Amino acid sequence: MKKILLITLLFYYSFINAQISFEKGYFISNDGKRTECFIKNLDWGNNPTDFKYKIQVSDNDYKTATIADVEEFGVENITTFKRAKIKMDRSLDDLSKVSQTGKPVFEENTLFLRLLVQGEATLYSYKEDNLIRYFYETKTIPLEQLVFLKYIVIEDGKSTGELKENNYYKQQLNNNVRLSNTSDSDIKNLQYKKADLTKYFLKYNNNDNKETNRELSKTSKDHFLLKITPGISFVSLTMNDGDIPSLDVKLDNKTSFKIGLEAEYVLPFNKNKWSIFLNPMYQKYENSKDYSRRGPFLSSPFTTRNVEIKYSSIQLPIGLRYYFLLNKNSKIFVNAAYSFDVNGKASISFDKNVENKSNSGSNFVFGLGYNFRNKFSVEIRTNTKKELLRDYKTFSAEYKAIDFVFAYSIF
């Protein structure tokens, strides 16, 4: 098991280094010079302050350009960032940081804004962890923030705990980015979200049938997968008793089957390479063995004993998965998870007499697998040792397993 775990970690490390993806792009420096290059595409979740690039994709070393040196950069047909000196409100929904006045408090920042829609009216976005802001400009309106913030109601100098919204962005769009056939309900129902605002700006620009109207940034989107996961386990089990050595025994390896469902949430950044998964699986293991032990002295005769073990549980790994993209349809993945048993019960009896019952423990799981079209996958998982007799101090039953898990996505 240790060898398999080591191989898995080495494989993971080598693939991480091989996944550096430099894609065709450009940047414009402070003097207005445009440089064609290859940019490391990180599918930025947060807006960056720098980026790495190569002049030739075959170059061994890369260079780093920062917001101080670059006015604009982009990865071809994927995303574009423009530098802007802009006033932005940083209030959050967190009750400890939420506004108490309902009015934006603007701070001047120099930022790389993501270009979402370009045309008669241009839309930008900025994301920094939980902070998300949108900006716009037209031929007559200079770049400014679309104002939206939540605030807490204060009465008699004390917080009421009631949250309200300042939706001034609707007034800004009503005044400056509105078509003659735009209804009041179109504005009223417009949410402060990328999808809503992008659709609104595209519709506005398309009214003039301008070729310059286009959506600039195509970022990853989150999605949810539900899978059926049958599996095969190759199990080894060793028992030790600190008080009675004659009870020590290693059982023969045995194959068992398991079945479950996996819920996987694919995160909306870094080209959907990261996901979080939950994979409850029912498993049942039964085994027995006859073995001989000599008495306490060298002259003592051998005594034949019998041991039987029964164990069942719903194994529940919760973990993080990383995908390595091979091509459009195929990818390899590695994952690590913390696994605990739901209703995990184990019982061990010797010579069909005394039955020792206990709750089972938890362990870690490491996996390596292959995924095809987000529909089919196969994975090998290494389970670190799990204590089946958790309720005993001196009596131990160490359960180890290598699993082969097959998955089929229902949706």
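Let me start with Lys 284 and Glu 286, which form a salt bridge with the closest N and O atoms 3.8 Å apart. By salt bridge I mean a side-chain nitrogen of Lys or Arg within 4 Å of a carboxyl oxygen of Asp or Glu. Lys 284 is partly exposed at 44% relative accessibility, and Glu 286 is partly exposed as well, at 35%. For the terms, buried is under 20% relative accessible area, exposed is over 50%, and partly exposed lies in between, with a 1.4 Å probe and protein chains only.

A word on the source. This is a predicted model, where local features need pLDDT of at least 70 and side-chain atom pairs count only at pLDDT 80 or more, while totals for chains, interfaces and linings use all residues. Residues are numbered from 1 along each chain as its sequence is written, and side-chain values use heavy atoms, leaving out hydrogens and water.

The structure has 19 salt bridges in total. One of them pairs Glu 262 with Arg 321, at 2.9 Å between the closest N and O atoms. Glu 262 sits in strand 16 (residues 249-266) and Arg 321 in strand 19 (residues 302-325), so this pair links distant parts of the chain, 59 residues apart. Strands here are DSSP runs of E, at least two residues, numbered from the N terminus. Both Glu 262 and Arg 321 are buried.

Next, Glu 128 and Arg 90: their side chains meet in a salt bridge at 3.3 Å, N to O. Glu 128 is in strand 8 (residues 121-128), and Arg 90 is in the loop between strand 6 (79-89) and strand 7 (106-118). Glu 128 is partly exposed at 31% relative accessible area, and Arg 90 is partly exposed at 26%.

Key:
Helix = DSSP H or I, 4+ residues; strand = E, 2+ residues; numbered from the N terminus.
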